[in-house]
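Visitor: Could you walk me through this structure? I would like to start with the overall layout and then look at some details.

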Amino acid sequence: MLEINELHAGYDELEILKGITLHVNPGEIVALIGPNGAGKTTVIKSIFSLANVRAGKIIFKEKDITRIKTHELIELGISYVNQGRIIFKNLNVKENLLIGADFLQDKDIIQKDLDFVYKKFPILKQREDQLAFALSGGQQQMLAIGRALMQNPSLLLLDEPSLGLSPKLQKELFAIIQQLKDDGISLLIVEQNAKKAIEIADRTYLLEDGNIALEGGKEIIKHKKIKDVYLGGRY
Ligand SMILES: Nc1ncnc2c1ncn2[C@@H]1O[C@H](COP(=O)(O)OP(=O)(O)OP(=O)(O)O)[C@@H](O)[C@H]1O
Ligand SMILES: [Mg+2]
């Protein structure tokens, strides 16, 4: 579904990603883990043309999407939830969700997507008229994910969805991520919670200093490198 081949990318002259290759199969949850500054967010930014792609290719459903414009990506079915859950705090919950559907004209489809999001996150339905700044951190994260779901993606990119959430909310969030997979959405998730990420992902890539240092299924939790990374206190 998504294929990244030998990607070199960075900012201005600075090369951050030094030739990474990874893929997401249809219906998969793929996790991208690694220490702070490894380049995880830069992978997602490269897909969205927010980083400077020097070489390599990004393919989505057999189409070359390297350096494509953001709105085209959304139309193709790729949505992105930023690190730090950016929402519009002075708009209410429903208005925030409708921004996600901005490019859609068909009212019936918008209503259907809204129903889907409210079913997934009942708290957002209860709070639909409330200003977004009055939501808790976890609810804001749900709103950010809900807004991306309004774009009806087939591939959802989540950058550190569990950041700053209590263990209980993290658990709820990971359960929702698994439901999204059951709904047929493929997911690429950047996570600092390496253990949890490996647990819910079908496959995981460990990124270190702009290179893929390790990849594998749930068994990589036992790998020495993974133990070093999170027992080393870098998470
Ligand atoms: N806009 C930018 N301009 C210049 N350098 C940047 C920019 N954004 C990120 N970098 C640098 O690129 C490197 C990788 O950053 P990136 O955000 O991809 O890391 P990350 O793995 O997501 O880290 P974290 O776990 O802290 O979110 C870092 O050294 C960072 O300082
Ligand atoms: Mg990051």
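This is a predicted model: local features need pLDDT of at least 70, side-chain atom pairs count only at pLDDT 80 or more; totals for chains, interfaces and linings use all residues.

Visitor: Okay, which domains does the assignment give?

Guide: The domain assignment gives domain 1 as 1–77 + 155–235 and domain 2 as 85–152. Their C-alpha centres lie 24 Å apart, and the contact takes 10 residues from domain 1 and eight residues from domain 2.

Visitor: Which helices supply the side of domain 1 that touches domain 2?

Guide: Helix H2 (70–76) and helix H7 (167–182) each supply at least two residues of that side. By class, the side of domain 1 that touches domain 2 has seven nonpolar, two polar and one charged residues.

Visitor: And the largest nonpolar core, which residues touch the most other members there?

Guide: That core has 61 residues, and the ones that touch the most other members are Ala-31, Leu-32, Leu-143, Leu-157, Leu-187, Leu-188 and Ile-189. The largest share of the core, six residues, comes from H6.

Visitor: Where does that core lie relative to the two domains?

Guide: It lies between them, because domain 1 (1–77 + 155–235) and domain 2 (85–152) both give residues to this core.

Visitor: Take Leu-187, then. What is it in contact with, leaving aside its neighbours within four places in sequence?

Guide: With those neighbours left aside, Leu-187 is in contact with Ile-29, Leu-156 and Leu-158, and also with Ile-177, Leu-180 and Lys-181.

Visitor: You mentioned H6. What about Ile-145, is that residue buried or exposed?

Guide: Ile-145, which lies in helix H6, counts as buried because it has 24 C-beta neighbours inside 10 Å, where the cut-off for burial is 20 or more. Apart from its neighbours within four places in sequence, Ile-145 is in contact with Val-81 and Pro-161. Ile-145 and Phe-121 are 24 residues apart in sequence, and their C-alpha atoms are 9.7 Å apart in space.

Visitor: Changing topic to H3, which of its residues are buried?

Guide: In helix H3 (residues 93–100) the buried residues are Val-93, Asn-96, Leu-97 and Gly-100. Seen down the axis of H3, these residues fall within an arc of 95°, so they line one face of the helix. As a general point, an α-helix has 3.6 residues a turn, so residues three or four places apart point the same way.

Visitor: What covers that face?

Guide: The cover over the buried residues of H3 includes helix H4 (107–120), helix H5 (122–126) and helix H6 (137–149).

Visitor: Now the ligand. How many residues surround ligand 1, and which are the closest?

Guide: There are 13 residues around ligand 1, and the closest are Tyr-11, Asn-36, Lys-40, Thr-41 and Thr-42. Strand S2 (14–24) and helix H1 (40–47) each supply at least two residues of this shell, and the largest share, three residues, comes from H1. By class, the shell divides into four nonpolar, eight polar and one charged.

Definitions and conventions. Residues are numbered from 1 along each chain as its sequence is written. Chains are lettered from A and ligands numbered from 1 in the order in which they are written. A residue is near a molecule or strand if its C-beta atom, placed from the backbone, lies within 6 Å of it. Helices (H or I, at least four residues) and strands (E, at least two) are DSSP runs, numbered from the N terminus. Ala, Val, Leu, Ile, Met, Phe, Trp, Tyr, Cys and Pro count as nonpolar, Asp, Glu, Lys and Arg as charged, and the others, Gly among them, as polar. A residue is buried if 20 or more other C-beta atoms lie within 10 Å of its own, exposed if 12 or fewer, and partly exposed in between; C-beta atoms are placed from the backbone. The arc is that of the directions from the helix axis to the C-beta atoms. Two residues are in contact if their C-beta atoms, placed from the backbone, lie within 7 Å. Domain bounds come from an automatic or database domain assignment. A nonpolar core is a set of buried Ala, Val, Leu, Ile, Met, Phe, Trp, Tyr and Cys residues joined through C-beta atoms within 7 Å.
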